[in-house]
Amino acid sequence: MLITDDEADHRELLTLALHRLGYEVVAAESAAEAFAILCGGGIDAVLTDVRMPGESGVELCRWIRADPRTESIPVMMVSADVQRTQITAALHAGADDFLAKPFSRAELTARLSDLMRPCAKPAMRSAAAARAAVLAAARQSLPTAQPVSRRLRRIA
């Protein structure tokens with residue numbers, strides 16, 4: 001599992017949580033460093049922060065999907081920025097899931113379980129991402145007085 005986040009504290013917390021869940025973890029502090037690690041092989045999933053200096057996690061996701069060596073690696077975007085535009089951009093870039101900070105260990109565990117299932121083919125992934133983006137936009141348009149789940153489910 002590869003974690004990409006420019007904040008050392010966030011990388012350390014995610015690494016600790018993932019180790020407790022039984023994952024081997026490699027950490028990177030930038031999109032460029034993460035992509036170099038991915039191209040070296042041996043990574044089976046990516047958790048990346050959306051906002052980072054330089055290239056964003058969304059741009060990293062685009063690189064991953066555009067390269068035949070990495071296109072099938074599952075990608076989960078992690079961010080405290082849950083604006084509709086950020087979620088939609090991440091999903092359109094090919095992200096498989098979007099996890100809003102703060103999150104519980106139980107939610108992380110459930111999302112990772114879904115993420116690590118065998119991946120859909122890239123064309124199916126794009127269609128699923130488009131459907132998920134529409135659902136995210138619909139969720140944002142609900143009146144704020146109603147409780148709304150922050151979890152987006154991957155549609156395959």
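## Threonine 4 and strand 1

Threonine 4 sits in strand 1, residues 2–4; helices (H or I, at least four residues) and strands (E, at least two) are DSSP runs numbered from the N terminus. With 1% relative accessibility, threonine 4 counts as buried, where buried means under 20% relative accessible area, exposed over 50% and partly exposed in between, using a 1.4 Å probe and protein chains only. Not counting residues up to four places away in sequence, threonine 4 touches Ala28, Ser30, Ala31, Ala34, Leu47, Thr48, Asp49, Met52 and Leu60; contact means heavy atoms within 4.5 Å.

A word on the model itself: it is predicted, local features need pLDDT of at least 70, side-chain atom pairs count only at pLDDT 80 or more, and totals for chains, interfaces and linings use all residues. Residues are numbered from 1 along each chain as its sequence is written, and side-chain values use heavy atoms, with hydrogens and water left out.

Strand 4 is mostly covered, with 5 of its 5 residues buried. Val75, Met77 and Ser79 point one way, while Met76 and Val78 point the other way.

Strand 3 pairs with strand 4 in the parallel sense over 4 bridges; two strands pair if DSSP finds at least two bridges between them. Here valine 46 stands opposite valine 75 of strand 4.

## Two nonpolar cores

The largest nonpolar core has 23 residues, of which Leu2, Leu38, Val46, Ile64 and Met77 touch the most other members. Such a core is a set of buried Ala, Val, Leu, Ile, Met, Phe, Trp, Tyr and Cys residues joined through side-chain atoms within 4.5 Å. Helix 2, helix 3, strand 4 and helix 4 (84–92) each give two or more residues to this core. Apart from it lies another core, of 14 residues, including Met76, Leu99, Leu112 and Leu115.

Leaving aside neighbours within four places in sequence, methionine 77 is in contact with residues including Thr48, Val58, Cys61, Ala90 and Phe98.

Serine 56 caps the N-terminal end of helix 3, with a side-chain oxygen 3.2 Å from the backbone nitrogen of valine 58. The buried residues of helix 3 are Gly57, Val58, Leu60, Cys61, Ile64 and Arg65. They span an arc of only 155 degrees around the axis, which puts them on the same side of helix 3; the arc is that of the directions from the helix axis to the C-beta atoms.

How many aromatic pairs does a search of the whole structure find? It finds 1. The ring centres of phenylalanine 35 and tryptophan 63 are 5.8 Å apart and the planes stand at 65 degrees, so the pair is edge-to-face. (Rings of Phe, Tyr and Trp, its six-membered ring, pair if their centres lie within 6.5 Å; planes under 30 degrees apart count as stacked, over 60 as edge-to-face and the rest as tilted.) Phenylalanine 35 belongs to helix 2 (residues 31–39) and tryptophan 63 to helix 3 (residues 57–66), so the pair ties together parts 28 residues apart in sequence. Phenylalanine 35 is buried at 16% relative accessibility, whereas tryptophan 63 is partly exposed at 26%.

## Proline 102 and helix 5

The peptide bond from lysine 101 to proline 102 is cis, with omega near -5 degrees. Proline 102 lies in the loop between strand 5 (97–100) and helix 5 (105–115).

The buried residues of helix 5 are Leu108, Arg111, Leu112 and Leu115. They cover an arc of only 100 degrees, which puts them on the same side of helix 5. Their cover includes helix 1 (8–20), strand 3 (46–49), strand 4 (75–79) and strand 5.

Key: A polar contact is a pair of N or O atoms within 3.5 Å; within protein, one must be able to donate a hydrogen and the other to accept it, and residues adjacent in sequence count only if both atoms are side-chain atoms.
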